[in-house]
Amino acid sequence: MFHSAVVKLTLLYVLIVMIISISFSVVLYNISSQEIGRGLGRQTRALQGMPPNGNSFIDDLEKIRNEQIDESSQNLKNNLVYFNLIILVSSAIASYFLAKITLRPIEESMEAQNRFTADASHELRTPLTAMKTEIEVNLRDKNLDVKEARELLTSNLEEINKLEYLSSALLKLAKFDKENKKDFEKINLAEPVESAIEKVNKIADQKSITISAKLKKAEILGDQQSLTELFIILLDNAIKYSPRGSKVAVEIKKLDRHTEVIFTDHGVGIKASDMPHIFQRFYRADVSRSKEKIDGYGLGLSIAKRIAELHDENIFVSSQAGKGSKFTVRF
Ligand code: ADP
């Protein structure tokens, strides 16, 4: 599909160049032919004014003049045809590369879209397949009792929760992808941070993790709801990837030219080799997939990054595997 688009665009470019080149050539040919005719006509008229040397002289002169006009016109025609052929070949080569360069970003975004659709379908299919298999196996069991049915329903509910989480993450990505800055208002940064802490307090309690907060009033232009979303993602990760009983710290720091919100945890940390990929959609470091199997789909940080981009913020990460991570959101 991409190749045929390149070919079509190349043909279009060549067509435009050739229309211009041929039009110029036709105009040039007409003007030059007229000039040649006029120039030779002037010569003949000048010679006609000389003393007569017999009638045949003028006739010969007229014949030679016509031959010269024909020859010059033919030469001009040939040169213009060669010139247009050269333009055709060189514009075809240049247009092909130009078309490739023009369509490259579209090809890349199509590839990313396809990869995303494939990853999303795969992630959606996994819990569905698990549920289907469990239900089929249990339906085949003629002696299925209430306890087993209850276990089946509990397990199905777990898979449904995963599906719910995944679909809501996908919806958020779609929502923030098309959102723009127009709804921004002046807000105190401490407010979305506090709301985020409130939201994750329950899961922190479940792991006996304490969240310490050092918050200052800092006014920025932004959207309170999406910033709360961003801070929830960072806090949720800090809790998810930290051992039981550890500490997570949140701080708002005011610098000369920036304000920073810093999230520090003492969890599993991120390996240097994973660092360049953690903001990619569906990317999860091995540590999240294996061992205790920490829940998630690798979408949180991509959503966080998108919200940060909307606010012209940067997210910086520093981390040491086994020691912990520090995520800094700089406004
Ligand atoms: P998820 O947490 O659902 O896997 P994210 O996009 O939020 O997806 O994070 C991507 C990956 O980055 C995670 O799988 C994890 O390996 C790593 N990561 C993110 N935050 C932390 C953190 N605070 N500590 C350690 N690893 C983290």
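At what angle do helix α4 and helix α5 pack, and how far apart are their axes? The close-ups below, taken from a predicted model, start with this pair.

**View 1. Helix α4 packing on helix α5.** Helix α4 spans residues 190-206 and helix α5 spans residues 224-240; they pack at an angle of about 40°, with 8 Å between their axes. An angle of that kind makes α4 oblique to α5. The crossing of the two helices is right-handed. On the α4 side, the contact is made by Glu191, Pro192, Val193, Ser195, Ala196, Ile197, Lys199, Val200, Ile203 and Ala204. Facing them from α5 are Gln224, Leu227, Thr228, Phe231, Ile232, Leu235, Asp236 and Ile239.

**View 2. A closer look at Thr228 of helix α5.** Here we stay with α5, the helix in which Thr228 is found. Is this residue buried or exposed? Thr228 has a relative accessible area of 8%, so it counts as buried. Setting aside neighbours within four places in sequence, its contacts are Pro192, Ser195 and Ala196.

**View 3. Helix α3 alongside helix α7.** Now for another pair: helix α3 (residues 146-178) and helix α7 (residues 300-310) pack at about 20°, and their axes lie 10 Å apart. This angle makes α3 roughly parallel to α7. Their crossing is left-handed. From α3, Ala169, Lys172, Leu173, Phe176 and Asp177 meet Ser302, Ile303, Arg306, Ile307 and Leu310 of α7. The contact residues divide into six nonpolar, one polar and three charged.

**View 4. Phe282, a loop residue with positive phi.** Most residues other than glycine have a negative phi. Phe282, which is not a glycine, has a positive phi of about 75°. You will find Phe282 in the loop between β5 (259-265) and α6 (286-289). Its relative accessibility is 7%, so Phe282 counts as buried.

View 5. Which loop holds Asp312? Look between α7 and β6 (314-320). Asp312 also has a positive phi, near 55°, and is a residue other than glycine. With a relative accessible area of 59%, Asp312 is exposed, whereas Phe282 of the previous view is buried.

Note on methods. Residues are numbered from 1 along each chain as its sequence is written. This is a predicted model: local features need pLDDT of at least 70, side-chain atom pairs count only at pLDDT 80 or more; totals for chains, interfaces and linings use all residues. Side-chain values use heavy atoms; hydrogens and water are left out. Axes are lines fitted to C-alpha atoms, for helices over the stretch in contact, and angles run from 0 to 180 degrees between N-to-C directions. Helices (H or I, at least four residues) and strands (E, at least two) are DSSP runs, numbered from the N terminus. Angles under 35 degrees count as roughly parallel, over 145 as roughly antiparallel, 65 to 115 as roughly perpendicular and the rest as oblique. A crossing is left-handed if the near helix is turned anticlockwise from the far one by less than a right angle, and right-handed if clockwise. Contact means heavy atoms within 4.5 Å. Buried means under 20% relative accessible area, exposed over 50%, partly exposed in between (1.4 Å probe, protein chains only). Ala, Val, Leu, Ile, Met, Phe, Trp, Tyr, Cys and Pro count as nonpolar, Asp, Glu, Lys and Arg as charged, and the others, Gly among them, as polar.
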